[in-house]
Amino acid sequence: MTLENRKIAVIGLGYVGLPLAIEYGKKYRVIGFDIYEARVNELESGKDHTLEADLVGMKQACDLYKATGKVGLSFTYNPDDLKEANTYIVTVPTPIDRFNNPDLIPLLKASETIGKTLNKGDIVIYESTVYPGCTEEDCVPVLEKVSGLKFNEDFFCGYSPERINPGDKVNTLTKIKKITSGSTPEIADLVDALYNSILLNGTHKAPNMKVAEAAKAVENSQRDVNISFMNELALICDRVGIDTNDVIEAAGTKWNFLKYRPGLVGGHCISVDPYYLAHKAKSLGYDPKVILSGRAVNNSISKFIADKVLKLMIQKDHKILNSNVLILGVTFKENCPDCRNTKVVDIANELEDFGVNVDLYDPWASNEVIKHEYGKELIPAIDPDKKYAAVIACVSHDQFKTFDFKKYQEQGAVVFDVKNFVDRQFVDARL
């Protein structure tokens, strides 16, 4: 097996798959596959609603295929077009269900689709976040059943966890260091070489796929636990009557103190991956206390913020029922349209349970997505004449850094700063 004859199919063209397809499309024959026809049509028109794609690079890769027919990128939603590939890279979502259990349906459906066109000698590489052992225990049986081929005899697998950070224009795909692995030593070498052919900072070749799978889950679980400690600190500091950020700044003068900050923990990774690791631990008879206690703390922060705002509103003599509250930002992080698993919506829900009228404003988010996923509407613009009893700054988009918080505070509104970016003199409370 050599790199020269690799024909790659990237399965799933979201935040992870699209940048990968573009980079590989500059050197190899790449088929970008997505089950959604609208997504494929969008990409073929040269647009990308995730804002993660290098549109110039995408055009160059697509033009390369049109010119040569052998190298370059094309998009499709037709599974039959995958027959041309001999290397598959799976980048579909791996969410959790409402009981916080891993939802492997997209992953297994993708494996089923690949199985229908899998041939002898083909390689299937998974990038989707999973628990240790998932590739071999859950995905491989589907590939074998559908294709009729034998794992590690007729076809092979690899695992290289995605490290895309939505909205990050510095740590982009080619600049990050990737973990790679394979189902045999020879395949591990080939997978490693394949990624190294597009990366600037190289790879770390794990000894096996389970190690690579575990490493991904651990990366985000560690961040989740560290943030949960700071969130618990915020809950304590609120009761003491001191500012959490003052405490962090003071403690941060020690050379080995890690300056994590409290905050809402949403998104597609940090708030999800710990449940995958916990699921595996439980299946082996171990109760992961630290991981799940951290999750419980982080999941409580939205309610804490809403309750704190309501208390401050009462202190300022605001009537709660039918009062107006403005929430700035609904995406799970700044300067990014990604709204997956956002915890801002939980704040809005809590306030609405008390009869508050909530206006959600976010210049980055899609109203269509928010309406479909959460059943809420974004206001298209902020009415400068509308009176608000509270303003909650949830996301530190660049557009909000020049927002006139002073005006609303002078009008008697409670100003709560979740992200610690508002001038302190115009804030009634912050996390």
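Predicted model: local features only at pLDDT ≥ 70, side-chain atom pairs only at ≥ 80, totals over all residues.
Local features are taken at pLDDT of at least 70 and side-chain atom pairs only at pLDDT 80 or more, while totals for chains, interfaces and linings use all residues. Numbering starts from 1 along each chain as its sequence is written, and side-chain values rest on heavy atoms, with hydrogens and water left out.

To start with the sheet, six strands line up in the order β3-β2-β1-β4-β5-β6, forming an open sheet with parallel pairing. Strands and helices here are DSSP runs numbered from the N terminus (E, at least two residues, for strands; H or I, at least four, for helices), and two strands pair if DSSP finds at least two bridges between them. β3 (72–76) and β6 sit at the edges with a single partner strand each, so one side of each has no neighbour in the sheet. Neighbouring strands are turned by 20 degrees against each other on average, direction ignored. At the β6 end, β5 (residues 123–126) pairs with β6 in the parallel sense over four bridges, and Y126 stands opposite Y159 in β6. Helix α4 (residues 105–115) packs on the sheet and touches β1 (7–11), β2 (29–33), β4 (87–90) and β5, where contact means heavy atoms within 4.5 Å. The direction of α4 makes about 165 degrees with that of β4; axes are lines fitted to C-alpha atoms, for helices over the stretch in contact, and angles run from 0 to 180 degrees between N-to-C directions.

Beyond its neighbours within four places in sequence, I392 is in contact with residues including I305, I327, I347, L351 and F416.

As for the loops, S197 lies between α6 (185–196) and β8 (203–205). S197 counts as buried because its relative accessibility is 16% (buried is under 20%, exposed over 50%, partly exposed in between, with a 1.4 Å probe and protein chains only). A polar atom of the S197 side chain lies 2.5 Å from the backbone oxygen of L194. N152, in the loop between α5 (134–147) and β6 (156–159), is partly exposed at 28% and has a positive phi near 65 degrees.

Methods:
Polar contact = N/O pair within 3.5 Å; in protein donor to acceptor, adjacent residues only side chain to side chain.
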